[in-house]
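This briefing covers one protein model and its ligand. Please look over the sequence and the structure first; the notes follow, grouped by topic.

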Amino acid sequence: MPQIIDGKLISTQIKEELKEKVAALKAEGTSICLAVIQVGNDPASSVYVNNKKKACAYIGIESLSYELPEDTTQEELLSLIGELNDRKDVNGILVQLPVPKHIDEDAIIKAIDPKKDVDGFHPQSVGTLCIGQPGFVSCTPAGIIQLLKRSGIEIAGKECVVIGRSNIVGKPMALLLLRENGTVTVAHSRTKDLKEVTKRADILVVAVGKPKMITREYVKEGAVVIDVGIHRNEANKLCGDVDYDDVAPVCSAITPVPGGVGPMTIAMLMHNCVESAALNR
Ligand code: NDP
């Protein structure tokens, strides 16, 4: 049987560590505050926003909540971000994506002060990650590195294949694995003979956005498989991009869905908020 990488347990450990850090910072007079902005009332976004606020409360981070109507203009949103950038008591600013179509997402991401960019999406944050300087890192890939390290899985020298090249998962994931001295290949929809590429992987990270696409034919015997995907199947049950039942018997370690990568994203968001407060006090 493979090692089942328990994201729920590891994210709880991280949150407990952060709780202590927050208490220590508070004792020194540094309080921590995350501003969460949601435009419109997309139900999935509301769930994510609520979970983020709950995590803040658990750790001892204050959260400011801005629930703006669907018809909020780009100028109004930019003006709120500008105000929050200027507020000394706000350490992190998060705009829940996606924003409504009439708002330019890139302009919003760029407007957030990189010192408060706890999502790690600002071009400056991506740039610092690329050249190996300190800065905020996108939470899902940062969480995957924690999953690997805290499960005792060595990255250095390993063949790492990432399927997917999105700005929030695939690309930062590849850069982080490279930073950890993995030998990294990024596969995408134009990759020729995907199976041949993925079968080289000692560590396979799947962020393809297609339910259960990755079966055992894509996986080398003994590989570590990290499943980033989240979908609801016909029975309304959560599943990933990996066909877990088919792949688990052939790999050495695997993340389940739910309970693998998912819980790590919020834990790392909390980590980034605490870092922001500690660095900018
Ligand atoms: P995107 O849709 O932005 O990116 C998907 C990537 O997969 C693209 O780079 C695309 O290639 C590639 N791709 C699509 N089809 C194929 C194929 N047949 N073969 C090879 N590559 C393919 O998705 P995200 O990166 O945003 O998310 C990926 C998954 O992770 C989704 O299921 C999402 O729900 C989930 N997710 C989970 C999070 C969590 O907290 N657990 C957080 C964020 C995302 P190309 O670039 O060529 O189009």
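Predicted model: local features only at pLDDT ≥ 70, side-chain atom pairs only at ≥ 80, totals over all residues.

**Helix 7 and its surroundings**

Asn181, which follows helix 7, has a positive phi, near 70°.

- Helix 7 spans residues 170–179, and its buried residues include Gly170, Pro172 and Met173.
- Ala174, Leu176 and Leu177 of helix 7 are buried as well.
- Among the elements that cover these buried residues are two helices, helix 5 (123–130) and helix 6 (139–150).
- Strand 5 (159–163), strand 6 (183–187) and strand 7 (203–206) also contribute to that cover.

**Strands 2 and 4**

- Strand 2 (residues 33–39) runs parallel to strand 4, and four bridges join them.
- Leu34 has Gly92 of strand 4 as its bridge partner.
- Gly92 is also buried, on one side of strand 4 (residues 92–95) together with Leu94.

**Ligand site**

- The ligand is surrounded by 22 residues, of which Arg165, Ser166, His188, Ser189 and Thr265 are the closest.
- By class, this shell consists of nine nonpolar, 10 polar and three charged residues.
- From His188, a backbone N or O atom lies 3.4 Å from a ligand nitrogen atom.
- Ser189 places a polar side-chain atom 2.5 Å from an oxygen atom of the ligand.
- For Lys210, a polar side-chain atom is 3.2 Å from a nitrogen atom of the ligand.
- The ligand taken alone exposes 930 Å², and the protein buries 69% of that.

Definitions and conventions
Residues numbered from 1 in each chain as written. Heavy atoms only, no water. Buried < 20%, exposed > 50% of the residue type's maximum accessible area, 1.4 Å probe, protein only. Pairing = 2+ DSSP bridges. Near = heavy atom within 4 Å. Polar contact = N/O pair within 3.5 Å; in protein donor to acceptor, adjacent residues only side chain to side chain. Areas by Shrake-Rupley, 256 points an atom, 1.4 Å probe, with all protein chains shown as cover. Nonpolar A, V, L, I, M, F, W, Y, C, P; charged D, E, K, R; others polar. Contact = heavy atoms within 4.5 Å.
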